[in-house]
Amino acid sequence: MKLLEDKIRQDGIAVNEHILKVDSFINHQIDPLLMQEMGKDIANHFQNKGITKVATIESSGIAPALMTAAAMNVPLIILKKQPSKILNQDLYQTVVTSFTKETNYELTLSKKYINDNDHVLIVDDFLANGEAATAALRLLRMSHATIAGLAVLIEKSFQPGRDKLQNQGIEVYALARISKMAENYIEFIP
Ligand code: G4P
């Protein structure tokens with residue numbers, strides 16, 4: 001999506017070959033009109049796929065996922081992070097390991113908000129190693145819901161996330177695909 005690529009070129013900061021900072025328009029301060037356009041683009045890509053719900057992982061996924069859900073006129077469900085393992089009969093739970101942040105956390109979803117009739121689109125801000133998205137899939141599948149695909153704003157294509165998801169049969173749609181980064185240098189897949 002040209003709008004996002006232009007914004008990344010203008011306001012994104014490539015810290016090194018692995019990390020892109022987008023705090024000024026996605027992660028900390030949000031550009032609402034850009035976010036709305038991105039949500040519409042994702043909704044348009046997945047239209048007529050019978051999607052009943054959009055799901056995301058808190059916290060940075062919420063803004064793009066909400067815009068997508070609004071454009072599709074379906075509910076948004078937020079997969080919640082919890083620091084420790086609290087067993088709860090009313091929740092689906094799974095552990096996530098983040099390589100980027102070098103942490104483990106528990107991802108949870110209330111059984112009230114998902115069932116086997118749901119066809120779910122997962123939306124997130126970044127696709128890096130694909131661990132968060134794989135955990136989201138695992139969690140949603142516990143309810144026997146089906147998965148329509150994964151949409152992300154920014155894919156770091158030099159990391160294994162896309163392959164990991166596609167190997168599980170998941171369609172991956174990314175608005176901007178970065179093939180290479182270095183300090184103050186960003187290259188996109190056309
Ligand atoms: P994965 O989700 O694709 O497996 O990647 P990983 O576990 O390595 O990423 C963990 C967290 O780091 C995610 O945020 C992800 O969005 C974020 N992240 C990965 N690469 C980048 C990057 O280049 N720039 C920025 N700004 N973030 C990156 P999270 O743990 O879900 O946290 P939150 O920000 O949503 O609260």
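Reader: Let's start with Lys40: what is its relative accessible area, and how do I read it?

Author: Accessible areas come from the Shrake-Rupley method with a 1.4 Å probe, and for residues only the protein chains shown count as cover. Buried means under 20% relative accessible area, exposed means over 50%, and partly exposed is in between (1.4 Å probe, protein chains only). Lys40 has a relative accessible area of 42%, so it's partly exposed. Keep in mind that this is a predicted model: local features need pLDDT of at least 70, side-chain atom pairs count only at pLDDT 80 or more, and totals for chains, interfaces and linings use all residues. Residues are numbered from 1 along each chain as its sequence is written, and side-chain values use heavy atoms, with hydrogens and water left out.

Reader: Which residue forms a salt bridge with Lys40?

Author: The general idea: a salt bridge is a side-chain nitrogen of Lys or Arg within 4 Å of a carboxyl oxygen of Asp or Glu. Here, Lys40 pairs up with Glu37, and their closest N and O atoms are 3.2 Å apart. Helices (H or I, at least four residues) and strands (E, at least two) are DSSP runs, numbered from the N terminus. Glu37 and Lys40 are three residues apart in helix H3, so about one helical turn separates them. Glu37, at 32% relative accessible area, is partly exposed too.

Reader: How many salt bridges does the structure hold?

Author: There are 11. Take Lys49 and Glu171, whose side chains meet at 3.8 Å, N to O. Lys49 is in the loop between H3 and strand E3 (53–57), while Glu171 is in the loop between helix H6 (161–166) and E9, so this pair ties together parts that are 122 residues apart in sequence. Lys49 is partly exposed at 40%, and Glu171 is partly exposed at 32%.

Reader: What separates the closest N and O atoms of Lys164 and Glu131?

Author: That salt bridge comes in at 2.5 Å. Lys164 sits in helix H6 and Glu131 in helix H5, 33 residues apart, so the pair links distant parts of the chain. Lys164 has a relative accessible area of 26%, which means partly exposed; Glu131, at 22%, is also partly exposed. Then there's a network: Lys2, Asp6 and Arg9 are joined by salt bridges that share partners.

Reader: What about Lys7: buried or exposed?

Author: Lys7 counts as buried, at 19%. You'll find Lys7 in helix H1. For its surroundings, contact means heavy atoms within 4.5 Å. Skipping neighbours within four places in sequence, Lys7 contacts Gly12, Phe25, Asp31 and Leu34.

Reader: Now the core: which residues of the largest nonpolar core touch the most other members?

Author: In soluble globular proteins, nonpolar side chains tend to be buried together. A nonpolar core is a set of buried Ala, Val, Leu, Ile, Met, Phe, Trp, Tyr and Cys residues joined through side-chain atoms within 4.5 Å. In this case the largest one has 33 residues, and Leu4, Ile42, Leu153 and Ile154 touch the most other members. Elements giving two or more residues to this core include helix H1 (2–11), helix H3 (32–45) and strand E8 (146–156). A second, separate core has 27 residues, Leu109, Ala133, Leu137 and Leu150 among them.

Reader: Where is Ile178?

Author: Ile178 is in strand E9. With a relative accessible area of 0%, Ile178 is buried. Beyond four places in sequence, its contacts include Leu20, Ile154 and Phe188. Ile178 and Ile13 are 165 residues apart along the chain, yet their C-alpha atoms are separated by 13 Å.

Reader: Which residues make the nonpolar surface patch?

Author: Patches are made of residues with over 30% relative accessible area and no salt bridge; like charges are joined within 9 Å, and nonpolar side chains (Val, Leu, Ile, Met, Phe, Trp, Tyr) within 5 Å. Ile13, Val15 and Ile19 make one of about 220 Å². Ile19, found in the loop between strand E1 (13–14) and strand E2 (20–21), counts as partly exposed at 31%.

Reader: Last one: how many residues does helix H5 have, and what span does it reach?

Author: The expected span of a helix is 1.5 Å times one less than its number of residues. H5 (residues 131–142) has 12 residues and reaches 17 Å from its first C-alpha to its last, close to the expected 16 Å. Its buried residues include Ala133, Leu137 and Leu140. After H5 comes His144, with a positive phi near 65°.
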